[in-house]
Number of protein chains: 4
Amino acid sequence: MIYTYLGPAGTFTESALLQVPGAADAERVPASSVNSALERVRSGAADAAMVPIENSVEGGVSATLDAIATGHSLQIVAEALVPISFDLVVRDGIDDPSRIRTVATHGHAWAQCRGWAEENMPQAEFMLSSSTAAGAMLLLEENDVDAAICSPLVAEQNPLTVLRRGIEDNADAVTRFVLVRRPGSLPAATGADKTTVVIPLPEDHPGALMGILEQFAARSVNLSRIESRPTGKGLGNYFFSVDAHGHVDEARMADALAGLHRISPDLRFLGSYPAAGLPGEETVAVDRPSVERHNTDAAFAAAARWIEELRARHA
Amino acid sequence: MIYTYLGPAGTFTESALLQVPGAADAERVPASSVNSALERVRSGAADAAMVPIENSVEGGVSATLDAIATGHSLQIVAEALVPISFDLVVRDGIDDPSRIRTVATHGHAWAQCRGWAEENMPQAEFMLSSSTAAGAMLLLEENDVDAAICSPLVAEQNPLTVLRRGIEDNADAVTRFVLVRRPGSLPAATGADKTTVVIPLPEDHPGALMGILEQFAARSVNLSRIESRPTGKGLGNYFFSVDAHGHVDEARMADALAGLHRISPDLRFLGSYPAAGLPGEETVAVDRPSVERHNTDAAFAAAARWIEELRARHA
Amino acid sequence: MIYTYLGPAGTFTESALLQVPGAADAERVPASSVNSALERVRSGAADAAMVPIENSVEGGVSATLDAIATGHSLQIVAEALVPISFDLVVRDGIDDPSRIRTVATHGHAWAQCRGWAEENMPQAEFMLSSSTAAGAMLLLEENDVDAAICSPLVAEQNPLTVLRRGIEDNADAVTRFVLVRRPGSLPAATGADKTTVVIPLPEDHPGALMGILEQFAARSVNLSRIESRPTGKGLGNYFFSVDAHGHVDEARMADALAGLHRISPDLRFLGSYPAAGLPGEETVAVDRPSVERHNTDAAFAAAARWIEELRARHA
Amino acid sequence: MIYTYLGPAGTFTESALLQVPGAADAERVPASSVNSALERVRSGAADAAMVPIENSVEGGVSATLDAIATGHSLQIVAEALVPISFDLVVRDGIDDPSRIRTVATHGHAWAQCRGWAEENMPQAEFMLSSSTAAGAMLLLEENDVDAAICSPLVAEQNPLTVLRRGIEDNADAVTRFVLVRRPGSLPAATGADKTTVVIPLPEDHPGALMGILEQFAARSVNLSRIESRPTGKGLGNYFFSVDAHGHVDEARMADALAGLHRISPDLRFLGSYPAAGLPGEETVAVDRPSVERHNTDAAFAAAARWIEELRARHA
């Protein structure tokens, strides 16, 4: 197996990839952009790509949403959640943040640790690097850099001294990643799955989006993410990218997707795959009692049998 | 074939039965009540029963609605519409309604012709008979009866002189009848069909009836009749008797029925059968363009194939 | 106050009327039909009429439903529930039902006690009377009548010996009655009220009835009765007669009625009035927690204030 | 009046601002970010800010959507559409694109003109600048720059020679901008208006978003834009930013907003303002016939009067 991911090495995307069983020992090739990672999968240069799709603070990752919605079909086979946390790594001999005078890191990381930095290392001057991994390299290579802020994985992959862990201002930020392959066999249903679809909005009328959502709601199918993205054909023309709880092997999900297909035949099925929790957390199965009796697999099967019997009455 | 129908002979129910191809030459046994007609079919004493189900002035015929909703299953295989019209038949020698002094008929018939009678035969005194056929018999047998008001069929079946046709006050009254058999093969779809179902209301909450109607509306299935009837288990407990345009062989009808079955598994399918027009009128096919593209058989078939392909991806 | 009611005296309708405070001491005039009772109110000959509207076994009372839906407006100001129960009254000297040889009563009463009669008075021959009161009169006046079956009120109002109480086969049958007046002031809201409306179905399309029901469901308003009745303008043309839980003084009911008025401007408001329980039972208030937070009076008031403030921004 | 806008000068945002009557002669202060432009308005340092909200190719502008959804309230008072078009400006003496060896511009502009460039100026090497205005400055100041790609406004505001107009690959790209002020009086309704609201999703259940959309659809209110944005409180927690056709002065819009307020009382009204067309195009009024009869102002007014009369019946 050859994996690719949005690089460089040591960023949160590689952390996500390392959650995939076997990935730690497989070949992992960083890519310079989401598009280039996905192109490697499409071309066969890589078997699978890990890319970010959604951030609890910044929202949907447009590059990913657009890239998997168009072009050659791809399939999501897994998801991974990574808490967005930062470590403060320092030069040997520094044991007090208040003595740090220079700190190298990426702009986003600096923005997310600024509160902590102002309080705990008020003298530190910020030095911009192109990634948190690059900031850590500066610390290793340049004498005038006292510290760097980097992801836990970068700290772990390099000979760095961690002075403080978890210095981010928002302790709950999470990024969600998806593992994408060329279309192939579906992961088996686990009881706690997600299904991702891309649905072009059929027409511009008051009920168009409602007609789509009704297909899910009428079958007790919960949505965990919905994003509108422009089709590029002028203001007001959208497609929707949706994650729903459940697996296409479950009758209510299959029936909802069939309903969507009738309304919007160009919809794109991007996969059914196990829902993930944060590392160390147990994945919670869909709350079964919340599936109304008439939307269970048993109810669908009984109804289908009944209709078949009615129709079998033809001489 | 042995037919039974709500008697006595000559009433509108027999007119309805005579619209059935072959019934004119078959054995026709009048029954004293709707229940007794249906029991003859259930027991095998008759092959089919013609009974009234709905009147454009009086509404649903409760006896029929209740009798086919409970007990051993029956199946509607045809419907027939009969205009409710009355003839004035007279004793030989009477050629002017104003000279009529006595007129025999059933109470309902008298009620529906009273306006005409007051204007055209102001001297006529009403004599009550147990049916319009019985009134016509009085005219034949009794010397002091000048006239009778009866159905056109009674006038035709007996040696009676018709002085005026169509003396009813409301010229548009229509009664709808259904031909009922023991469950067997389904009549083929014609493109202008009806399907009748009996649906117990699942629960007493604001959306219960709406949940039922949504199954039809979401698939562009029109209803032509809806009646609520008590289940006998206390005020507020209902079942619904519904006629919908379409045949169970059509995908949108089958899908609507399957949805109903999931909500209310005890629903009773009473048949899909050709829609009828008034005698002499052409039956109008369902307005095909009004079936939205996403509710056509083709859309259902394409969606079902798509789902099958998705699920076939399992190794 | 002059009350009228569907007669004759002693029937269940008079029992219903006697539940009205003050009616026991007021003038009570029996009428020969529902229509004639309501006409007395319309003409001013009576102040109020008690008429049956719904029976737990037989369903809606068409005569009442149609009469209050058309003609000069009337208003329902109260409802009453009466259990349908029958007493066996006997000639002096009879103390064992098995010795009864003749029993007089109305056809409906006989039908509802036949099971008990076959078991307990197998020798009894049925003599038809025009009402249960008339049957009791026969017992008082004719020597060859051993017994009568009548309502408890008839037994109480006449010098009759009751041998058995409650001989009906279905112990739970209930009839619901409404007290009707000329339109006037509304009864105050009690927290457990009903509102009755008559709604012509606007158009024959799949969503027409759904559009009506949505007005209730979207505001958490429960329906306790829904009946379709023909308008007389041909098969498929209906109006709906609906009872809903709540009072027009409650915001969610007023908003639902306003929505109905927009869809079907010819709807007829027939009143908001206190819900009744069976005699001796406490009336249960609407289950308040079942009204969703966004459908409370407070939520409606807050939303109305907010809109007013927005619109007040105009210079 | 002091206007601010997302700078620098000459970009499409300034073009949008110049569509505002009077803005051409008013003070116009560029801001370095959307947030800083809006803060100037909040603090009173500027009277109004023009900021981008939506691009037909790139989608919603998150910075704007988030900034107007939180913090001190702001109000949208106008919108402006600007076609995204680029000019090729050149050094004196160059009259053939194929001879251009170096071209300076912003990365986005380069991306949107690359197809044209590869075909028409295959020798040109791309030189990155921080904005298209900065690229044009390079052309004016540096001898080794042959050409620049810039917005038409930059070309017009500077002493530049335009060799080609409209070299963008996608001729239909449009960006939509909004003019934002501190909350104050509402622009009058014109018959072709938009209303913008921010709606926190009340709960995570299948029907939550549907409940919101129903408020619009039930009143025939069309949506022209819907975006989901994270609240920052973890994956799956959203608010929706919505543009709807109509003005709060129209009854159906006011009723829809009142319905939303009941469901989601923390929603934020961001204004009703005239809908804009592209420069030179006439603005199209809402297609009035598409507003169903029951959602007209007249229907709402009639329903409100009817309810008032019912309630006035109280003694």
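Which residues does Ser98(B) touch, not counting residues up to four places away in sequence? Before selecting anything, note that this is a predicted model, in which local features need pLDDT of at least 70 and side-chain atom pairs count only at pLDDT 80 or more, while totals for chains, interfaces and linings use all residues. Residues are numbered from 1 along each chain as its sequence is written, and chains are lettered from A in the order in which they are written.

Select Ser98(B), which sits in the loop between strand 6 (87–90) and strand 7 (102–105) of chain B; strands are DSSP runs of E with at least two residues, helices runs of H or I with at least four, numbered from the N terminus. Ser98(B) touches Asn120(B) and Met121(B), where contact means that C-beta atoms, placed from the backbone, lie within 7 Å. Ser98(B) is exposed because 10 other C-beta atoms lie within 10 Å, and 12 or fewer is the cut-off for that term.

Next, show chains D and A, where 30 residues of chain D are in contact with 30 residues of chain A. On the chain D side, strand 11 (174–181), helix 7 (208–217) and strand 13 (223–230) each supply at least two residues.

Finally, superpose chain D on chain A: a rotation of 179° with 0.1 Å of shift along its axis does this with an RMSD of 0.2 Å, using least squares on the C-alpha atoms of residues with pLDDT of at least 70 in both. The two copies are therefore related as by a two-fold rotation axis. Select Met210(D), whose C-alpha is the nearest to the axis in chain D, 3.0 Å from it.

Definitions and conventions: A residue is buried if 20 or more other C-beta atoms lie within 10 Å of its own, exposed if 12 or fewer, and partly exposed in between; C-beta atoms are placed from the backbone. Two residues are in contact if their C-beta atoms, placed from the backbone, lie within 7 Å.
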